[in-house]
Amino acid sequence: MTKPSLPELLHAAVTAVGGVERPGQVTMAEAVAEAIDDDSHLLVQAGTGTGKSLGYLVPALAHGERVVVATATLALQRQLVERDLPRTVEALHPLLRRRPEFAMLKGRSNYLCLHRLHEGMPQDDDEGLFDQFEAAAPTSKLGKDLLRMRDWADETETGDRDDLTPGVSDRAWNQLSVSSRECLGASKCAYGAECFAEMARERAKLADVVVTNHALLAIDAIEGAPVLPQHEVLIVDEAHELVSRVTGVATGELTPGQVNRAVRRAAKLVNEKAADALQTAAESFEKLMELALPGRLEEIPEDLGYALMALRDAARTVITAIGATRDKSVQDENAVRKQALAAVENVHAVAERISNGSEYDVVWYERHDRFGASLRVAPLSVSGLLREKLFSERSVVLTSATLKLGGDFNGVGASLGLAPEGSGGEDVPQWKGLDVGSPFDYPKQGILYVARHLATPGREGSRGDMMDELAELVEAAGGRTLGLFSSMRAAQAAAEELRGRLDKPILLQGEETLGELIKTFAGDAETCLFGTLSLWQGVDVPGPGCQLVVMDRIPFPRPDDPLMSARQKAVEEAGGNGFMAVAATHAALLMAQGAGRLVRATGDRGVVAVLDPRLANARYGSYLRASLPDFWYTTDRNQVRRSLAAIDAAAKQEGK
């Protein structure tokens, strides 16, 4: 029997999921197959509606080697495992004459811990174990969540938090789950043989396709201890998110609360001298943090340096002592010791990292209204780490609807540690960029309107002219508006203002769960939804429910963002353009994502309105516009009002 061709396989898979074959999808599948065969790397931009999941799954399954697919969002993970993979495997089985296996793998804390469920959790006060079910009032929200989780533990096959519906609070979940550092290890745990996290790992070892998330991929790369099974091909979907997710995993934090918890957990397990030294160091650190002002620390102040060294040394002594002490009054000593060790090791690691003062790290203070001050440390760049850990061992395909910024892939490529496309060299990973376009006719389906006549937005303060413009646009559109704001304060101010001016329901992020807000927004054409960052990327409302997407201003990083400003400065010191490499790239990516909310299906029509004249007037405006879908472009406010009114009238005529 001859080997089936890629177009045959793709056709079978697309038919099975009830989709339509797109030219861009075929081009993408062929490029992915080529990259896998050549052991090379590919960055592929595939617009909304291309069907990119099948564009990479089909050639990956046809290749036959183990593939890891890493995504940024739980929604896409679920779609792959519950819909795309089962149907694709079923469709390809007769042609491939084998049935590829697939599995989902997440970090340990995403799975219910049976030890915590049956034995209780260590308690900070006396460091015995306590029964959460007895401690929480059964009528309280926490008590009800815990009881429901206990019942669910008997029926779930996966123990995966995302399979528990409705979900539970973080507080409840944290009582019945453990981090990898707190885990006793399968061989030392009475429940190791039934452990959900261990079973997920075993399934992943046997699978041909392992679906995971960016965070676990980062942990696998950074920590050196392999979490993912050996694989020949890595596919990173939603790849525009990868750098920020890896940065998040590589960021360390110290807070007085966290240090005091470590002290309490360790106190009963070590001699008095070691416990007192850690307690004293914790008190000195807490006093300093009370005076901490937000901002970057280009040099570690002397008093903070001493406090961190004292913490580091005391934590090291405790770590050594915990291994040797046995306190007969402590029940289930292994679990208590492991949790204490995890807490103290984290304090030690972060204190040591900041004390060592690497030029490749950025250190800053942050202040939070509810949680007080924290000391944070993050890598200046993760590009070197990604180049070394991601691209050296296997073929990597990175895909997203937004990878091409300002007309090419080099900006995103640089953030991933890749030299400009086509650069030669022995130690330089070779890669190719490919834009397979979109099935949508952007110039006919959408308008990009820039309100050129408005005043340039200042750092703070009211924008009366912007509010007037926003109200007029929403009125002309008949509601149907997704408002994307650069800060929560701006979103709240706009919601408040427009609720007073217009007879349209205005939903505001934070007033209800995101899922509920999006459902209400999609269900009623007159409704508007205003919010900030997660809405720029997380809303998928095809049809007439979303015909106007408004951005209040270009979403540059805040000038006082310690990490972004440090990265910008580093590029400038190396002779580059820091503003374009960091701030403009960040803004372009967010704007491309935000503008992508407008056209989600072939029948969609509408306007993306940017209420920031800099997009039309500033030198970098053309770079940002080149990063957006190819909408028809105008700065004529009357033209836009007429267009919005016509789109609204057409939708009403169709009864939508």
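Mentor: Happy to! A residue is buried under 20% relative accessible area, exposed over 50% and partly exposed in between (1.4 Å probe, protein chains only). This is a predicted model, where local features need pLDDT of at least 70 and side-chain atom pairs count only at pLDDT 80 or more, while totals for chains, interfaces and linings use all residues. Residues are numbered from 1 along each chain as its sequence is written, and side-chain values use heavy atoms, with hydrogens and water left out.

Trainee: Does Asp-39 count as buried or exposed?

Mentor: Asp-39 sits in the loop between α2 (23-38) and β1 (41-45); helices (H or I, at least four residues) and strands (E, at least two) are DSSP runs, numbered from the N terminus. Its phi is positive, about 60°, although Asp-39 is not a glycine. With a relative accessibility of 54%, Asp-39 counts as exposed.

Trainee: And Glu-238, buried or exposed?

Mentor: Most residues other than glycine have a negative phi. Glu-238 has a positive one of about 50° without being a glycine, and its place is the loop between β7 (233-236) and α11. Since its relative accessibility is 13%, Glu-238 counts as buried.

Trainee: Which peptide bond is cis, with omega near -10°?

Mentor: Most peptide bonds are trans. Look in the loop between α7 (141-155) and α8 (170-175), where Pro-166 is found. The cis bond with omega near -10° runs from Thr-165 to Pro-166.

Trainee: Why is the protein chain as compact as a globular protein of that length?

Mentor: The chain has 27 helices and 20 strands. The globule rule is 2.2 Å times the number of residues to the power 0.38, and the radius of gyration is taken over C-alpha atoms. For 656 residues the rule gives 26 Å, so the chain is as compact as a globular protein of that length, with a radius of gyration close to that, 27 Å.

Trainee: What is the order of the open sheet of 4 strands?

Mentor: Two strands pair if DSSP finds at least two bridges between them. The edge strands, each pairing on one side only, are β8 (252-254) and β9 (295-296). β9 is joined by 2 bridges to the antiparallel strand β10 (residues 361-368), with Gly-295 opposite Tyr-365 in β10. The pairing is antiparallel and the order is β8-β11-β10-β9.

Trainee: Why is α11 roughly perpendicular to α16?

Mentor: Axes are lines fitted to C-alpha atoms, for helices over the stretch in contact, and angles run from 0 to 180 degrees between N-to-C directions. Under 35 degrees counts as roughly parallel, over 145 as roughly antiparallel, 65 to 115 as roughly perpendicular and the rest as oblique. Helix α11 (residues 242-249) is thus roughly perpendicular to α16 (residues 383-390). Their axes are 11 Å apart, at an angle of about 100°.

Trainee: Which residues of α16 make the contact?

Mentor: Contact means heavy atoms within 4.5 Å. On the α11 side are Leu-242, Val-243 and Val-246; facing them from α16 are Leu-385, Leu-386 and Leu-390.

Trainee: Finally, which residues is His-348 in contact with, leaving aside its neighbours within four places in sequence?

Mentor: His-348 lies in helix α15 (residues 333-356). It counts as buried, at 13% relative accessibility. Beyond the neighbours within four places, His-348 is in contact with Arg-312, Ala-315, Arg-316 and Ile-319.
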